[in-house]
Amino acid sequence: MTYYVVQTFSRDRKGLTIDEPVEKRSCAEALRASARARQTKVGAIVFSRTGSPATGDWDDAVIHEQWGQTPAFEDMAVAAA
């Protein structure tokens, strides 16, 4: 199973904030959502992960697109936890 995610970022008085991630059905759909987000967000990362929900075994994330103001991907994972 592969899932695709658009993770956008906003900016407020405190600085860069992580928005709620949005899952999409395909890479193309995720990239289109990322393109639309350029009008209202300060940055985005589009990534996918492949693995098995049944076993919990997942490959590392594959970054398909990254633009604007974003934290390092490792920092994002820690901040979202």
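Modeller: Two strands count as paired when DSSP finds at least two bridges between them, and in this predicted model that criterion is the way into the sheet.

Colleague: Which residue does Y3 stand opposite in β4, and how many bridges join β1 to β4?

Modeller: Y3 stands opposite R49, and the two strands, β1 and β4, run antiparallel and are joined by eight bridges.

Colleague: What other strands does β4 pair with?

Modeller: With β6 (residues 62-68), β4 pairs in the antiparallel sense over six bridges, and there the bridge partner of F47 is I63. With β5 (residues 57-58), β4 is joined by two bridges, again antiparallel, and S52 has D57 as its bridge partner. Between β4 and β5 lie four residues of a hairpin, where G56 in the turn has a positive phi of about 80°.

Colleague: Is β4 largely enclosed or largely open, and why?

Modeller: Burial is judged by relative accessible area, with under 20% counting as buried. Seven of the ten residues of β4 (residues 43-52) are buried, so the strand is largely enclosed by the rest of the structure, while for the chain of 81 residues the buried share is 32%.

Conventions
Residues are numbered from 1 along each chain as its sequence is written. This is a predicted model: local features need pLDDT of at least 70, side-chain atom pairs count only at pLDDT 80 or more; totals for chains, interfaces and linings use all residues. Side-chain values use heavy atoms; hydrogens and water are left out. Buried means under 20% relative accessible area, exposed over 50%, partly exposed in between (1.4 Å probe, protein chains only).
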